[in-house]
Amino acid sequence: MSKHRAAPACPARHRATTARPGRRLLSGPLVVVLLTALCALGGTASVVPAAASAAISTYQGTPAMAPSTYERRIRFWINLRRREHGLERVRFAACTDRVAERWGRKLALHDTFYHQKLMPILIKCDAYYAGETLGRGSIAPRRLVYLWMHSPEHRAVLLSPHARRIGIGSYPDRYGRWVTAVDFMHF
């Protein structure tokens, strides 16, 4: 018997990263780990480890920290992991952060969880690289980054040498879980 089960219908098309036409496109196979799927342009059914679906909390309450604190801590742990791998740290950029803030807020308010289209963001922010990771759950920033780093698809986005700027939008949903959108760009 398999340790994985097919996820309920995933409304998103999956993509790992997007580049403008004529630029290098990074892609890879998709596996939904605990928190999110990286969406690839073609889109396929998701597979979720059985333990992962049970790990998502249904706690109904208020998060223990402000969204801005949660976001700063996520960036801290991402930059620590990047430094450990000899990569430059990512810095906040206004356009990248606006994109992530809007998307994270939308996902939390509408109780949805899927990736946004990255091509419009590339054009809007005049960037040539964009990648996105999503997370949802009653989980500390350190643990969230730990889980991303142990997923090959998420790790590829977090440790992309193309990423230079970051935007993070973290909002509690109606169940008290953090919904986080982290967008990476290179201008």
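Helix 5 (residues 141-149) holds a set of buried residues: Pro141, Leu144, Val145, Leu147, Trp148 and Met149. Buried here means under 20% relative accessible area, with exposed over 50% and partly exposed in between (1.4 Å probe, protein chains only). Helices (H or I, at least four residues) and strands (E, at least two) are DSSP runs, numbered from the N terminus.

What do the buried residues of helix 5 pack against? Their partners are helix 2 (67-84), strand 5 (129-137), helix 6 (152-158) and strand 7 (178-186). A contact is a pair of heavy atoms within 4.5 Å.

## What you're looking at

This is a predicted model, where local features need pLDDT of at least 70 and side-chain atom pairs count only at pLDDT 80 or more, while totals for chains, interfaces and linings use all residues. Numbering starts from 1 along each chain as its sequence is written, and side-chain values use heavy atoms, with hydrogens and water left out.

## The overall layout

The protein has six helices and seven strands. Read from the N terminus, the order goes β-β-β-α-α-β-α-α-β-α-α-β-β. Of the contacts with a separation of 6 or more, 72% come from residues 24 or more positions apart.

Of the 187 residues, 49% are buried. The protein exposes about 9600 Å², and 56% of that comes from carbon and sulfur atoms. Accessible areas come from the Shrake-Rupley method with a 1.4 Å probe, and for residues only the protein chains shown count as cover.

## A positive patch

On the surface, Arg98, Arg102, Arg105 and Lys124 gather in a patch of positive charge. Patch members need over 30% relative accessible area and no salt bridge; like charges are joined within 9 Å, and nonpolar side chains (Val, Leu, Ile, Met, Phe, Trp, Tyr) within 5 Å. A salt bridge would be a side-chain nitrogen of Lys or Arg within 4 Å of a carboxyl oxygen of Asp or Glu. Lys and Arg count as positive, Asp and Glu as negative, and His and the chain ends aren't counted. Each charge is placed at NZ of Lys, CZ of Arg, CG of Asp or CD of Glu.

Which element gives the most to the patch? That's helix 3 (residues 94-110), with three residues. Arg102 lies in helix 3 and counts as partly exposed because its relative accessibility is 44%.

## Two aspartates with positive phi

Asp111 has a phi near 50°, a positive value in a residue other than glycine. Asp111 sits in the loop between helix 3 and helix 4 (119-124), and at 30% relative accessibility it counts as partly exposed.

Asp126 isn't a glycine either, yet its phi is positive at about 55°. Asp126 belongs to the loop between helix 4 and strand 5. Is Asp126 buried or exposed? Exposed, because its relative accessible area is 53%.
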